[in-house]
Amino acid sequence: MVKKRRIVQIGFIFFLLVVGFLNYYENQKLKQNFDRFLIKDSFFLGAMDKVFGALENRHEIMTFVQGDLWALRVGKMRIVDPLALIGNITRTRSFYLPMIIFAMIPIIFTIIFGRFYCGWLCPMGLLGEVNAKIREFIINSNISLFDVNLSTKAKYYVLGFGLFTGMVFGVHYFFVIYPPKLISYEIYSLITYGYVSYGFFTILTISIIEILFGSRLWCRSICPGGALYSLISKIRVVGVSNEKEACNACGICDKKCPHDAVPSGAAATSECDQCGICIDICPKKSLSYSKRNFADIFNRKTLLFFIITILYFNASTVEAHHVRGLPHYAYAENYQETATIEENKTQGDMEIVFSYLRVFKSKNYMMAVYIKNKITDKPYEGTVNFLVFGRHESPDAAHSADVSDPMAHTFRAGWSYEEDGVYTVRISFVEEGKKYVEDFTLQAGNVGFNYLWIIIPFAVVFFLIGLILYKRNKEMKLGTKIRIRS
Ligand code: SF4
Ligand code: SF4
């Protein structure tokens, strides 16, 4: 099992590299090919160009997969990490249905296969195993290292604290510490820009800490993503289980399990990342992946978890843009994972993409427009006029701006608002003598329903029910003790 898993893990990293190179090639091709083609300057890009350059649907093939492990696009499908989803729900205190849908693929896979993402796909899972081997080698060479045994529960505090800071201060820290996001971004950065950024040093620090202080410390005890996957995995359908008849209770599996998931019990706990180490190591071949019983999946605790999750997913409108955690992709620049929402409209041959960003905790917005001719594939390069007005206002020249200096073919304009509300952004430009006018919607400030007003009473009710159950449980235990004594 471990060998198969290794092939999948290495294959997945190879896949990230290939995606990075294909995207990079396409970016360069698009950037440079419109006026002057410089790809021949680079030996590698030149070689790629020989293979792919003449393909008819080159652009679709090269950009079939874009993004990183925080937010990814595969063809028309988008996938968002569930950690990005809950981080943003908490931070914006609002819901964005497409993002919930995009996170459903990893959530459903986790419901079926448990925390398999950690064991089979996440690059940090593989790196953690490499770190553990290095640590083992150092210890076997008679060099003593520290032995820190952090509880597996610690990661739930890391997750909970991030959600708390998101809810109270509007910032969570997940994307600056979450290894799959950092590693996949660093791969992209290295290929695209030729250098690594802070994420590389974060991963390096985690690795040094794991080697010096304890194997798999990060994934077992700290990762907020691992914590979230473990929580979802409480209702997994497939998991490691023990055929008790063959088991001689030697305990080898429990000792070797990197996540303290106790596979020697009837079934491994939800900490299990389905790595298969215990299955391979069991001398009696007593362990296997199997379908769990319905009753095990839906016990009282998991039902409670389910109910709370459903309450949490009570939809309303959202604030906007970069806080949403969705990937967006300009045509000429492969912006990775930058969270935004885009509105995309077509008029004649011209495709107009509008997006906007609220400047953090201010009343200012940045608006961005990308326009291209769909027939020639050429981005528009003239002047774009932005005109903003409220629902019940008439267009006012005071809120108008002409922009003729695009950055990476994207026209940008700033705008400040006084009152929260829904505004219209009218984009106009002239191409080959024809005037194009298109209206887009911008939500400024808080126009949605704050779900906290629903969550708070439910939380109070749940707290009271929990208190009653706890008291009753205690009384019953006391009753049993008294009975035993008497
Ligand atoms: S616990 Fe976190 S870092 Fe470790 S494998 Fe899972 S997602 Fe990756
Ligand atoms: S229970 Fe087995 S499969 Fe699960 S994490 Fe532990 S060793 Fe890996």
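Predicted model: local features only at pLDDT ≥ 70, side-chain atom pairs only at ≥ 80, totals over all residues.
## The overall picture

Residues are numbered from 1 along each chain as its sequence is written, and chains are lettered from A and ligands numbered from 1 in the order in which they are written.

Of the chain's 486 residues, 36% count as buried. A residue is buried if 20 or more other C-beta atoms lie within 10 Å of its own, exposed if 12 or fewer, and partly exposed in between, with C-beta atoms placed from the backbone. Now for contacts: two residues are in contact if their C-beta atoms, placed from the backbone, lie within 7 Å. Among contacts between residues at least 6 apart in sequence, 66% join residues at least 24 apart.

## Around the two ligands

Which residues sit around ligand 1? They are Cys118, Cys122, Met124, Gly125, Pro179, Pro180, Trp218, Cys219, Cys223, Gly225 and Gly226. To count as near a molecule or strand, a residue needs its C-beta atom, placed from the backbone, within 6 Å of it. Helices α8 (123-140), α11 (179-193), α13 (217-222) and α14 each supply at least two residues of this shell. By type, the shell around ligand 1 has eight nonpolar residues, three polar and no charged. For that sorting, Ala, Val, Leu, Ile, Met, Phe, Trp, Tyr, Cys and Pro count as nonpolar, Asp, Glu, Lys and Arg as charged, and the others, Gly among them, as polar.

Ligand 2 has 14 residues around it, and the ones that come nearest are Cys257, Ala268, Cys272, Cys275 and Cys278. Its shell splits into ten nonpolar residues, three polar and one charged.

## Helix α8 and its neighbours

Back to α8, one of the helices that supply the ligand 1 shell. It has 18 residues and reaches 26 Å from its first C-alpha to its last, close to the 26 Å expected at 1.5 Å a residue. (The expected span is 1.5 Å times one less than the number of residues.) The buried residues of α8 are Pro123, Met124, Gly125, Leu126, Leu127, Gly128, Glu129 and Asn131. Just after the helix, Asn142 takes a positive phi of about 65°.

Gly128 lies in α8 and counts as buried because 24 other C-beta atoms are within 10 Å. Gly128 and Cys219 are 91 residues apart in sequence, yet their C-alpha atoms are 7.6 Å apart in space. Leaving aside neighbours within four places in sequence, Gly128 is in contact with Glu210, Arg216, Trp218 and Cys219.

Gln9 sits in helix α1 (residues 2-33), and it is buried, with 20 other C-beta atoms within 10 Å. The C-alpha atoms of Gln9 and Gly125 are separated by 8.4 Å, though the two are 116 residues apart along the chain. Beyond its neighbours within four places in sequence, Gln9 is in contact with Trp120, Gly125 and Leu126.

## Two helices that cross

How do you describe a pair of packed helices? You use the angle between their axes and the distance between the axes. The axes of α4 (residues 82-92) and α14 (residues 224-232) come within 9 Å and cross at roughly 100°. That makes α4 roughly perpendicular to α14. Pro82, Leu83 and Ile86 of α4 make the contact with Pro224, Gly225 and Leu228 of α14. Those residues divide into five nonpolar, one polar and no charged.

A word on the terms: axes are lines fitted to C-alpha atoms, for helices over the stretch in contact, and angles run from 0 to 180 degrees between N-to-C directions. Angles under 35 degrees count as roughly parallel, over 145 as roughly antiparallel, 65 to 115 as roughly perpendicular and the rest as oblique.

Most residues other than glycine have a negative phi. Asp377, in the loop between β8 (364-373) and β9 (384-390), has a positive phi of about 70° although it is not a glycine. Asp377 counts as partly exposed because it has 13 C-beta neighbours inside 10 Å. Glu432, in the loop between β12 (421-431) and β13 (434-444), has a positive phi of about 50°. With 7 C-beta neighbours inside 10 Å, Glu432 counts as exposed.

The C-alpha atoms of Ala398 and Val388 are separated by 9.0 Å, and the two are ten residues apart along the chain.

Methods
Helix = DSSP H or I, 4+ residues; strand = E, 2+ residues; numbered from the N terminus.
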